[in-house]
Amino acid sequence: MYVIVAGGGDIGFHLAKGLIEAGHEVMVIEQDRHRAQWIEEQLGSVVLNAPADEGRYQLEAGCQRADAVIAVTGEDAKNLVICQLARYNCGPHGRVIARVTDPKNEIIFKALGIDETLSSTRVLMNIIEQELPTGGFLPLMPLTGSHLEIIEAEIAPGMPSVGKPVRALQLPEGSLIGGIVRGGKVLPAVGDAALQAGDRIIVLAPTAIEAEVRSRLYD
Amino acid sequence: MNILIVGSGRVGATLAGLLDEGGHQVTVVDRDRASFAHLPAGFGGTTFLGNGIDLDVLRQVGVDKVDAFLALTDGDNRNLMAAQVAKEIFGVKRAFAKCNDPIRAEIYRAKGLMTFSRTSILAVLLRAMLEQDPEVGEVLLRRTLALERKLAGEEARDAAPPAAAAGER
């Protein structure tokens, strides 16, 4: 894949490094000259020293042939504009992904046509909530190009489903249990496997019925 | 008209003053309290301390009821985001964004925002002044000069050392 990383901060740098190590072609667009130079010393000639929120530099970086443009600067508004310009400049086949710091802005980005957002704040909040006794229900990530998402749900001690087979969960139609995570191993979610306290089930479900899945599991 | 302005810098505050004087109902939002000092003395509109791209802030100042929305902060991207939120999420028909990068201004104009680039306006105006092209700049120049004369006059009356009122930097 060819990936353009807009913004060479800590996230952008490590993202680019990881992508390169995984064998992908990468271009980092970084506005600060010293930072750009430093990244070039670390990763080689994969840096364009320019502002990523100006369309002509996106074109210079070859965004027409990019499989993805990922905006990871520290400023939400800038990431929005980078992604919207990328949509405008690049072909329709490329994915555009924006980092969002204020979780409230995820709604705004979606309304303005940028569907794929990454909020580190939300991820951290999810991790913290995961540790709380009632926070066993965790929407992990949306699936690209569909209205589906992956949900992780904890079977907590005392829940009625403990000791019962998977099929007794009776999740709403359209959802599917992909597996049971127990003691660091994944087990197939076949109909008569009994659930144990502490199990985590991985569910694939349409985003629209997330609330229903939650209430079938916990209410 | 009921008008909401985000950004109380020189441009936002000066415009707010003009519109207030013209009998419009004006609200100015800025996240920095100190910037309200740019507003002219005797400004009769409302000021609101908060982030102008925050959905809750915009709701609180009644963005869904305004006739026009202008994003005039010093950040192009923030302005473009705020104006799009006003237009696409709250349904404001006339949403303006100050965008000093002319190329970005044109792209977002195609998306239905009203954008203006101080860069291009100034460049066109300066060329007209140099070439003494009467057509382009005449009206704009006349009004601009009248406004600046008036502002400078007010400053001179208010401020103790009259020399400080030489005009905008």
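In the predicted model, the interface between the two chains is formed by 14 residues of chain B, which are in contact with 15 residues of chain A. On the chain B side, the elements that contribute two or more residues are α3 (76-89) and α4 (102-110) of chain B, and of these α3(B) gives the most, with eight residues. Sorted by class, the residues on the side of chain B that touches chain A comprise eight nonpolar, three polar and three charged.

Helix α3(B) also takes part in the packing within its own chain, where it lies on a sheet and touches β1 (2-6), β4 (68-71) and β5 of chain B, with a direction that makes about 175° with that of β5(B). The sheet in chain B is open and consists of six strands in the order β3-β2-β1-β4-β5-β6, with parallel pairing. Because β3 (46-49) and β6 (114-116) of chain B stand at the edges and have a single partner strand each, one side of each is left without a neighbour in the sheet. From one strand to the next, the twist averages 15°. At one end of the strand order, β5 (residues 94-98) of chain B pairs with β6(B) in the parallel sense over three bridges, and Lys98(B) has Phe116(B) in β6(B) as its bridge partner.

The domain assignment divides chain B into domain 1 (2-116) and domain 2 (118-169), whose C-alpha centres lie 23 Å apart. Five residues from domain 1 of chain B and five residues from domain 2 of chain B make up the contact, and on the domain 1 side these are three nonpolar, one polar and one charged. For chain A, the assignment gives domain 1 (2-121) and domain 2 (132-218), and the centres of these two domains, taken over C-alpha atoms, are separated by 34 Å.

In soluble globular proteins, nonpolar side chains tend to be buried together. The largest nonpolar core of the model has 72 residues, and those with the most contacts inside it are Ile4(A), Val5(A), Ala6(A), Val69(A), Phe69(B) and Ala83(B). Helix α4 (residues 76-89) of chain A supplies the largest share of this core, seven residues. When neighbours within four places in sequence are left aside, Ala6(A) is in contact with Ile29(A), Ala52(A), Val69(A), Ile70(A), Ala71(A), Val72(A), Thr73(A) and Ile82(A). A second, separate core of 15 residues includes Ile151(A), Val166(A), Ile201(A) and Val203(A).

Strand β1 (residues 2-6) of chain A is mostly covered, with four of its five residues buried. This strand, β1(A), runs parallel to strand β2 (residues 25-30) of chain A and is joined to that strand by five bridges; within the pair, Val5(A) stands opposite Val28(A) in β2(A).

Chain A further contains an open sheet of five strands in the order β7-β8-β11-β9-β10, in which the pairing is antiparallel. Strand β9 (residues 176-182) of chain A is joined to β10(A) by three bridges in an antiparallel arrangement, and Val181(A) has Val186(A) in β10(A) as its bridge partner.

Methods. Residues are numbered from 1 along each chain as its sequence is written. Chains are lettered from A and ligands numbered from 1 in the order in which they are written. This is a predicted model: local features need pLDDT of at least 70, side-chain atom pairs count only at pLDDT 80 or more; totals for chains, interfaces and linings use all residues. Domain bounds come from an automatic or database domain assignment. Two residues are in contact if their C-beta atoms, placed from the backbone, lie within 7 Å. Ala, Val, Leu, Ile, Met, Phe, Trp, Tyr, Cys and Pro count as nonpolar, Asp, Glu, Lys and Arg as charged, and the others, Gly among them, as polar. A nonpolar core is a set of buried Ala, Val, Leu, Ile, Met, Phe, Trp, Tyr and Cys residues joined through C-beta atoms within 7 Å. A residue is buried if 20 or more other C-beta atoms lie within 10 Å of its own, exposed if 12 or fewer, and partly exposed in between; C-beta atoms are placed from the backbone. Two strands pair if DSSP finds at least two bridges between them. Axes are lines fitted to C-alpha atoms, for helices over the stretch in contact, and angles run from 0 to 180 degrees between N-to-C directions.
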